[in-house]
Amino acid sequence: MKTSTSIIAVASIASAAAFAPASNCAQQSSTQLNESFFQKISNLDLWAPVADSNDYGARGKKNLKTGTLTERSYIPSGLTKAQYEKIRADEVAKKASNY
């Protein structure tokens with residue numbers, strides 16, 4: 001009985017000590033902000049890594065291209081592969097002329 005009481009007492013002291021605040025309170029960090037929360041959020045520059053991504057003509061820098069047709073590619077009914085490739089090439093040329 002005495003051993004179980006002592007084990008329970010030691011366990012309760014150890015668990016209470018685990019949740020007690022640290023005794024070294026000399027180096028507390030400050031929670032005061034240098035600027036307001038809204039000011040900090042509104043000053044974020046989300047486009048900083050790619051600042052010119054919305055500029056006119058930025059599409060030309062993105063290396064976009066139309067995929068090539070293989071034997072497993074979709075070809076609309078009524079067209080041959082060559083006819084469909086010609087239509088796609090015309091669309092690419094029209095898009096390139098806009099930029």
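Author: In this predicted model, the largest pocket holds about 310 Å³ of space. Eleven residues line the largest pocket, and those closest to its centre are R59, L64, K65, V92 and K95. Sorted by class, the lining comprises four nonpolar, three polar and four charged residues.

The chain has 99 residues, of which 5% count as buried. The protein contains three helices and zero strands, and from the N terminus on its elements follow the order α-α-α. Two of these helices are α2, covering residues 37-42, and α3, covering residues 81-98. Altogether the protein exposes about 9500 Å², and carbon and sulfur atoms supply 58% of that area.

A further feature of the surface deserves a place in this account. F37, I41, L44, L46, W47 and V50 form a nonpolar patch on the surface, and together these residues have about 690 Å² of accessible area. V50 is located in the loop between α2 and α3. Its relative accessibility is 46%, and V50 therefore counts as partly exposed, since that class lies between the limit for buried residues, under 20%, and the limit for exposed residues, over 50%.

Note on methods: Residues numbered from 1 in each chain as written. Predicted model: local features only at pLDDT ≥ 70, side-chain atom pairs only at ≥ 80, totals over all residues. Heavy atoms only, no water. 1 Å grid on protein atoms, 1.4 Å probe; cavity = no way out; pocket = protein on both sides within 12 Å on 5 of 7 lines; lining within 4 Å. Points joined across faces, edges and corners; volume = space filled by probe spheres on them. Nonpolar A, V, L, I, M, F, W, Y, C, P; charged D, E, K, R; others polar. Patch = residues over 30% accessible without salt bridge, like charges linked within 9 Å, V, L, I, M, F, W, Y side chains within 5 Å. Areas by Shrake-Rupley, 256 points an atom, 1.4 Å probe, with all protein chains shown as cover. Salt bridge = Lys/Arg side-chain N within 4 Å of Asp/Glu carboxyl O. Helix = DSSP H or I, 4+ residues; strand = E, 2+ residues; numbered from the N terminus. Buried < 20%, exposed > 50% of the residue type's maximum accessible area, 1.4 Å probe, protein only.
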